[in-house]
Amino acid sequence: MSDSTFNILSFDGGGIRGALSIKLLEKIQNETPNIVKTSNMISGTSTGSLIALGLAYGMTP
């Protein structure tokens with residue numbers, strides 16, 4: 001039986017709320033260090049898409 005888990009990391013848009021998303025991701029990464037690497041998909045809208053792009057490129061929060 002294959003593993004059917006598919007992890008998606010998604011970010012909202014909204015301008016300055018992107019700073020809140022990054023701060024929350026930093027706190028989550030303290031608890032789960034490989035959360036970005038183990039995600040199958042990273043997505044976002046507006047500012048969130050820029051965050052997703054940076055993470056996909058290899059940047060850290």
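Which residues does F6 touch, not counting residues up to four places away in sequence? The answer is N40 and M41, where touching, or contact, means heavy atoms within 4.5 Å. F6 itself sits in the segment before β1 (8-11). From K23, 17 residues apart from F6 along the chain, the C-alpha separation is 24 Å.

A word on the basis of all this. The model is predicted, so local features need pLDDT of at least 70 and side-chain atom pairs count only at pLDDT 80 or more, while totals for chains, interfaces and linings use all residues. Residues are numbered from 1 along each chain as its sequence is written, and side-chain values use heavy atoms, with hydrogens and water left out.

Overall, the chain has two helices and two strands, and they come in the order β-α-β-α along the sequence. Helices (H or I, at least four residues) and strands (E, at least two) are DSSP runs, numbered from the N terminus. Along the principal axes, the C-alpha atoms fill a box of roughly 45 × 25 × 15 Å.

Now for the helix pair. Helix α1 (residues 17-31) packs against helix α2 (residues 47-57) at an angle of about 40°, and their axes are 9 Å apart. Axes here are lines fitted to C-alpha atoms, for helices over the stretch in contact, and angles run from 0 to 180 degrees between N-to-C directions. That angle makes α1 oblique to α2; under 35 degrees counts as roughly parallel, over 145 as roughly antiparallel, 65 to 115 as roughly perpendicular and the rest as oblique. On the α1 side, the contact is made by G18, S21, I22 and L25, and on the α2 side by T47, I51 and L55. Sorted by type, these residues are four nonpolar, three polar and no charged (Ala, Val, Leu, Ile, Met, Phe, Trp, Tyr, Cys and Pro count as nonpolar, Asp, Glu, Lys and Arg as charged, and the others, Gly among them, as polar).
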